[in-house]
Amino acid sequence: MSEQMKKYETPLLDELEKGQWPSFVKEIKAAAEWNPMANDLLGLLERSYREKIGHWKHGGIVGVMGYGGGVIGRYTDLPEEFPHVSHFHTMRINQPAGWFYTAEALRTLADIWDRHGSGLTNFHGSTGDIIFLGTRTEELEPTFEELTQAGFDLGGSGSDIRTPSCCCGMARCEWACYDTMKLTYFLTQHYQDEIHRPAFPYKFKIKCSGCPNDCVASVARADFSIIGTWRDEIQIDQEMVREYAKNGVDINKEIVALCPGKCIEWDGNTLKIDNSSCRHCMHCINVMPKALAPGKDRGAAILLGSKAPIVEGAILSSVIVPFVKLDDEDSYNDIVELIDAILEPWIEEGKNRERIGEFVQRVGLGNFLEAIGLDPQPEMIKHPRTNPYVFYENYLEEE
Amino acid sequence: MADTVKKRITDIGPPHYEKFLPPIIKENYGRWKYHEIPRPGVIVHTSDTGAKLYTVRAASPRLLSTAKIRKFAELAEKYSDGYLRFTSRHNVEFLLTDPSKIDPLIQELEAIGHPVGGTGNAISSMVHTQGWIHCHSSATDASGVVKAVMDELIDYFKTMKLPAKIRLALACCLNMCGAVHCSDIAILGIHTRPPKVNHELLPKVCEIPNVVASCPTAAIRPSTFQGKPSVEVEEEKCMYCANCYTVCPAMPLNNPETDGISIWVGGKVSNARTEPMFSKLAVPYLPNNPPRWPEVVQTVKKIVEIWAANAHKHERVGEWIERIGWPKFFKLTGIEFTKQHIDDFKHAGLTYKTSVHLTY
């Protein structure tokens with residue numbers, strides 16, 4: 001990198017070095033001091049700011065040998081003016097579960113990327129991967145080789161199982177109702193082939209949240225959402241409840257009145273919960289974490305189908321398994337069995353770019369449950385149908 | 001020499017997370033009892049053994065140079081035995097066992113431009129997408145808008161004085177890599193004009209049946225242009241979602257004059273009190289005005305501050321609006337209600353008001 005780098009004037013971007021929030025422009029400039037790709041990115045971005053339009057061409061199919069996913073091809077539409085970003089491909093690197101790192105691991109990643117790419121990263125991308133932002137096609141394979149030698153691998157992209165992600169779970173949270181990091185690691189390892197080699201109608205995302213607070217937004221952002229919950233009694237330390245009351249928590253106003261199951265009573269001395277009406281929303285526990293805790297019979301609910309608007313509109317995941325224990329290898333294998341059962345009809349009959357949530361709405365949840373061998377349960381719906389247009393297929397068999 | 005040729009390794013997956021957990025976490029894994037937030041940006045977790053873990057949370061722009069990665073590594077070695085993590089909202093967290101190191105770490109983080117906060121009833125970092133830094137379909141930049149908004153709202157990141165937590169997010173087009181559709185306030189880049197079909201290019205790079213099938217409103221049909229196969233767009237049916245552009249590069253929608261930003265409010269993913277909900281349209285269109293998007297910044301700030309002044313304790317933006325009703329939301333914020341706020345996609349009828357539960 002000994003050649004003289006072009007110096008770009010960036011009056012618009014310079015405005016974004018001001019202010020208290022950490023500046024991405026400073027980060028690009030730090031890399032641009034020595035890296036020609038980062039330097040040309042700076043020039044190109046200033047151009048976008050001036051013209052109010054992006055300067056990236058529609059992707060292209062690039063990758064590492066034997067993988068179909070993990071690399072997003074990217075080329076600028078101004079390669080003559082900004083030759084060092086003529087290729088600017090992104091690599092997605094599967095993050096360690098829970099996004100924990102050692103200083104040593106971070107330096108290893110930084111060293112690899114300094115040798116092969118732009119010196120710019122995202123910690124992390126929206127799905128959870130470490131993002132190496134911008135390199136040339138010929139650098140992909142050498143980067144991949146160094147990554148795998150260091151124990152890292154690529155994540156998903158395109159129509160495959162995307163890199164699963166999870167909250168920090170039992171590592172640093174008292175509310176984790178199952179071991180989110182362990183299950184995420186297990187599923188990621190189990191589905192390596194499906195993560196690296198796209199073969200589905202569209203993407204399929206898996207996210208593991210340890211409790212109904214859902215810190216990884218699995219209900220909104222995952223096709224397959226595993227959300228921790230419990231089914232016995234909320235654990236109460238009455239002494240600590242009184243302590244909270246003494247320290248200014250208005251329990252009737254802030255807890256009792258806001259309980260969606262209307263199942264809490266407070267007489268100024270004892271907190272009573274009718275757990276049979278508890279909806280496991282977490283509110284009372286969130287407000288008084290030293291006094292209340294999820295019960296001891298913990299597990300998860302499984303919901304299916306959430307996605308952003310493209311194509312047929314946004315969908316939230318909906319319940320397909322109201323409760324499952326997740327405390328041994330057998331229960332993990334049951335999850336794999338369920339995922340495989342869900343994937344099968346979708347791979348077979350899903351349309352191009354149809355997510356599982358859209359597929360289920362097209363064929364009907366009732367029919368879908370039948371296809372994957374689950375019994376219909378009232379927990380799966382907000383309310384039964386309000387129209388009388390009911391199918392009775394039995395007569396077809398009787399005739 | 002043949003014996004030095006390394007075997008190509010594939011499909012190993014990520015490193016096992018246990019390699020990166022500090023001893024205090026390994027010892028107390030699954031044994032944490034409760035947590036406290038003694039001050040903004042600092043969380044103390046206490047285990048049933050009595051062990052205490054001090055987390056210091058700092059803002060990050062998500063886009064980090066390798067130099068900054070190394071700086072974080074250096075800080076982790078100096079203050080948290082070489083261990084750190086990142087959150088689902090791109091914050092960086094240092095995991096301390098020695099509380100006397102909290103203050104010096106915070107000072108050092110602030111000195112390098114990474115304010116500490118984002119805990120409890122605060123605005124945490126904004127989940128966001130790539131924008132003009134890396135995306136072909138973006139209708140606006142991502143990092144720049146986030147920077148401008150957070151510079152203005154920084155006080156709410158560094159304190160915990162809001163009625164409840166509030167989650168901001170930005171996606172630079174309807175693909176929503178940032179999945180902003182369940183955020184308290186979502187900033188969404190939008191196109192507002194139909195694609196311009198490049199008839200020369202289209203038959204070379206696109207499969208016409210795929211392009212036709214990609215349209216959610218059936219606005220695209222096969223056609224011929226100067227004897228060559230192509231498609232035509234029934235423009236009045238197009239709502240500029242850009243799904244056709246995603247499957248076919250010959251249908252670009254990006255337009256510097258008419259692309260812009262919409263603002264959505266009232267979504268949440270947590271189950272606390274109320275069920276998860278989608279964000280709903282508050283402002284259909286604001287112009288792209290780099291480098292600091294003042295119209296967007298002021299609109300977001302106004303919504304945050306009117307919510308903060310009117311919401312009950314623990315009430316998220318969506319819960320507050322459900323209580324007061326949408327007419328009052330528009331009245332309080334001064335945002336104009338227009339035809340565009342009324343849904344006309346699938347199941348639109350479910351969003352019409354079917355009672356006289358009205359406030360006057």
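Tutor: Strand 4 of chain A, residues 120–123, pairs with strand 4 of chain B in the antiparallel sense, over 3 bridges. Keep in mind that this is a predicted model.

Student: Which residue is the bridge partner of A:N122 in strand 4 of chain B?
Tutor: The bridge partner of A:N122 there is B:L63.

Student: And what packs on the sheet around those two strands?
Tutor: Helix 2 of chain A (residues 24–32) does, touching strand 4 of chain A together with strand 4 of chain B. The direction of this helix makes about 30° with that of strand 4 of chain B. Helix 2 of chain B (residues 66–79) also packs on the sheet and touches strand 4 of chain A and strand 4 of chain B. For helix 2 of chain B, the angle with the direction of strand 4 of chain B is about 80°.

Student: OK, zooming out: what is the strand order of that sheet?
Tutor: The order is 1(A)-2(A)-5(A)-4(A)-4(B), an open sheet of 5 strands with antiparallel pairing.

Student: Is the crossing left-handed or right-handed?
Tutor: The crossing of helix 4 of chain A and helix 2 of chain B is left-handed.

Student: Which residues make the contact?
Tutor: From helix 4 of chain A, they include A:L106, A:R107, A:A110 and A:W113. From helix 2 of chain B, B:I69, B:R70, B:A73 and B:E77 are among them. The residues of this contact divide into 6 nonpolar, 1 polar and 6 charged.

Student: New topic: how many residues of strand 11 of chain B are buried?
Tutor: 5 of the 6 residues in strand 11 of chain B (260–265) are buried, so the strand is largely enclosed by the rest of the structure.

Student: What does it pair with?
Tutor: Strand 8 of chain B (residues 185–190) pairs with strand 11 of chain B in the antiparallel sense over 6 bridges, and B:L188 stands opposite B:S262. Strand 12 of chain B (residues 280–287) also pairs with strand 11 of chain B in the antiparallel sense, over 5 bridges. There, B:V265 stands opposite B:K280.

Key
Residues are numbered from 1 along each chain as its sequence is written. Chains are lettered from A and ligands numbered from 1 in the order in which they are written. This is a predicted model: local features need pLDDT of at least 70, side-chain atom pairs count only at pLDDT 80 or more; totals for chains, interfaces and linings use all residues. Side-chain values use heavy atoms; hydrogens and water are left out. Two strands pair if DSSP finds at least two bridges between them. Helices (H or I, at least four residues) and strands (E, at least two) are DSSP runs, numbered from the N terminus. Contact means heavy atoms within 4.5 Å. Axes are lines fitted to C-alpha atoms, for helices over the stretch in contact, and angles run from 0 to 180 degrees between N-to-C directions. A crossing is left-handed if the near helix is turned anticlockwise from the far one by less than a right angle, and right-handed if clockwise. Ala, Val, Leu, Ile, Met, Phe, Trp, Tyr, Cys and Pro count as nonpolar, Asp, Glu, Lys and Arg as charged, and the others, Gly among them, as polar. Buried means under 20% relative accessible area, exposed over 50%, partly exposed in between (1.4 Å probe, protein chains only).
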